[in-house]
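Me: I would like to go through this model with you, one topic at a time. Could we begin with the sheets and then turn to the helices and loops?

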Amino acid sequence: EIYTLSLHDALPISIGNAVTTVNAAEVVATAPVANFQDLLNGRASGVSVVASSGQVGTGSRIRVRGASSLSLNNNPLIFVDGVRVDNTQASGPAVQAFGSASISRWNDFNPDDIESIEVIKGPAAATLYGTEAAAGVLQIITKKGAAGRPVWNATMRMGSNWVPNWKTRFKDNYGTIPLGGGVLDTVSISTRQLNDSLQSNFGRDIFETGSLQDFQLSVSGGTPSLRYYVGGGYEENQGAEPVNRLLRQSLRVNLSASPSEKWDVASSMGFSSGRTYLPYEAGGGGATWATYFSSPSFLYTGVNPGNPQLGFRSGPPDIYYAAYNNFQDADRFTGSITFTNRPTSWFNHRFIMGLDRLSEDNQSLSPRNDVIGQRYASFAGLSAPTNGSMDVSTRDVMVNTFDYLANVDFQLTPQWRSVSSAGGQYFGRRSLARGASANGFPAAGLTSLAAAAIRNVYADEVFQNNSVGGFIQQQVIWNDRLYLTGALRADDNSAFGTNFDIVTYPKLSASWVLSEEPMVPLPDWVNQLRVRA
């Protein structure tokens, strides 16, 4: 197998483009890793991981060598055991300013089930993986079983999530209060004062210490003809805000069979299901926003007696937690089967087919709450939501993959070797998006669209996108140290239109391992020296 086409067995020195491999199994065993994106952070050169939020259950924006387009999607493609999967990095209810979402679909994959991650950088990825691969490609290779007795692994991780020194770390907010006779006095309010007022009214702190729990169990083994890996996990994590929680379960079953010396069959199946609760933040309102921008005059009851805001900008945290409920339910299945055949010593080929199926349910609920409504009747910021409202959106995505590759490997002379490759892929994506909103519930406890006085369907769309492409590649190798590669790919896509020609991607690369040249002396501390173009 050629490394650039089937990223599993060969060495990266044979290609002219950059590929980085992250040993995920070793990282997870020696370092605390909360999710899949943590595996990449700081471990792959040219890959930037920018967090979208510090809340539990949120993800990051990942870029390979920066942005590749000013107008198109800059998300790298993701493949799991050769199957393309949904790579959305901004999902879930919009709890940030300007309608921004903060959940990443990348974190659906359990780090404990991953053997390694391979990152393909640069435009060479487009030649091998098609039109949409210009932003890079990440290959996730999950764990497989090895022949031998059953090997059990059990892992339990416990931790805490908190805001350090939060009572004193935020600057005081200043404001003015009237003293009479047109005289104003400047006053300040600290986070500690805000917390004291909250404690005396609601009996709790602004921020709390959340527990982090992660339980993993796996078993692997088998015989030379049939090998297996079965792993399962459960997460229950709590953020520093009491309404920020993550609950997730995962299951993976991988089977590998070798019915003969010429045939290998491997199947990979992974399932994850969970719910993520998110509070509002950063321009969307929320308890932290109301705390950072508190109003000092609200705390002085002598100036404004009975003010329900207790010094907070629009209301204390408990009011926000009672008035809003934002969460996402996500179920995901990813499966594939790979057939590999080696009929002769100089010819091998393999075929992969697989499916990635995702179901999202995003809900932003504001249940009817007459108690809050009466208390905040004079304040416009929180009076409207207490009548009851909700926003519900669903996203169902299905991605089908069919991938074929054939290699012809000839030793032309003792010094020269030729590897000819050809293959093709078909990717079919179908996405169903629906959204509805409602306002005005007649009674407390009713939180369904049918019960609302005003209902609106704002989205009901089906998107279908199909890509088909093929490539040929020729590699010439001299003494296993000089590699010359040329390739050509042709792609067609259902979004191109009837008057748009098929797109072609040529590639020419060279890699020369100078450290294996006798004429190039190297010091002992240089393990490998390679030049490429």
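**Sheets, helices and loops**

Reply: This is a predicted model.

Me: How many bridges join strand 1 and strand 6?

Reply: Four bridges, with strand 1 and strand 6 (residues 114-120) pairing in the antiparallel sense. Within this pair, Thr21 stands opposite Glu118 of strand 6.

Me: What about phi of Asp81?

Reply: Asp81 has a phi near 50 degrees, which is a positive value in a residue other than glycine. Asp81 lies in the loop between strand 4 (77-80) and strand 5.

Me: Is Asp81 buried or exposed?

Reply: Asp81 counts as buried, because its relative accessibility is 7% and the cut-off for buried is under 20%.

Me: Where is Asn479, and what is its phi?

Reply: Asn479 is placed in the loop between strand 19 (454-478) and strand 20 (482-493). Its phi is near 55 degrees, again a positive value in a residue other than glycine. With a relative accessible area of 27%, Asn479 is partly exposed.

Me: Let us change topic to strand 15 and strand 16. How many bridges join them?

Reply: Strand 15 (residues 325-341) and strand 16 (residues 347-366) run antiparallel and are joined by 17 bridges. Thr334 has Asp356 of strand 16 opposite to it.

Me: And how does strand 16 pair with strand 17?

Reply: Strand 16 pairs with strand 17 (residues 389-411) in the antiparallel sense, over 20 bridges. In this pairing Met353 stands opposite Phe402 of strand 17.

Me: Next, strand 9 and strand 10. What joins them?

Reply: Seven bridges join strand 9 (residues 173-180) to strand 10, and the two run antiparallel. Asn173 stands opposite Ile189 in strand 10.

Me: What does Gly181 do in that hairpin?

Reply: Gly181 takes a positive phi near 65 degrees in the hairpin of strand 9 and strand 10, which has two residues between the strands.

Me: On to helix 5. What is its span?

Reply: Helix 5 (residues 191-202) has twelve residues, and the distance from its first C-alpha to its last is 16 Å, close to the 16 Å expected at 1.5 Å a residue.

Me: Which residues of helix 5 are buried?

Reply: The buried residues in helix 5 are Thr191, Leu194, Asn195, Ser197 and Leu198. They are on the same side of helix 5, because they cover an arc of only 160 degrees around the axis.

Me: What covers them?

Reply: The cover over the buried residues of helix 5 includes helix 4 (166-169), strand 10 (183-189), helix 6 (286-292) and helix 7 (317-323). Strand 10 is also the antiparallel partner of strand 9.

Me: What comes just after helix 5?

Reply: Just after helix 5 comes Gly203, with a positive phi of about 75 degrees.

Me: Now for a single side chain. Where is Asn237?

Reply: Asn237 is in strand 12 (residues 226-238). Asn237 counts as buried, because its relative accessibility is 14%.

Me: What does the side chain of Asn237 reach?

Reply: The side chain of Asn237 reaches the backbone nitrogen of Gln213, at 3.0 Å. Leaving aside residues up to four places away in sequence, Asn237 touches Val56, Ser211, Leu212, Gln213, Asn244, Arg245 and Leu246.

Me: To finish, how many helices and strands are in the chain?

Reply: The chain has nine helices and 22 strands. Taken along the principal axes, its C-alpha atoms fill a box of roughly 100 × 60 × 55 Å.

Me: And what share of residues is buried?

Reply: Of the 533 residues in the chain, 48% are buried. As for contacts between residues at least 6 apart in sequence, 67% of them join residues at least 24 apart.

Definitions and conventions: Residues numbered from 1 in each chain as written. Predicted model: local features only at pLDDT ≥ 70, side-chain atom pairs only at ≥ 80, totals over all residues. Heavy atoms only, no water. Expected span 1.5 Å × (residues − 1). Buried < 20%, exposed > 50% of the residue type's maximum accessible area, 1.4 Å probe, protein only. Arc of directions from axis to C-beta. Contact = heavy atoms within 4.5 Å. Pairing = 2+ DSSP bridges. Polar contact = N/O pair within 3.5 Å; in protein donor to acceptor, adjacent residues only side chain to side chain.
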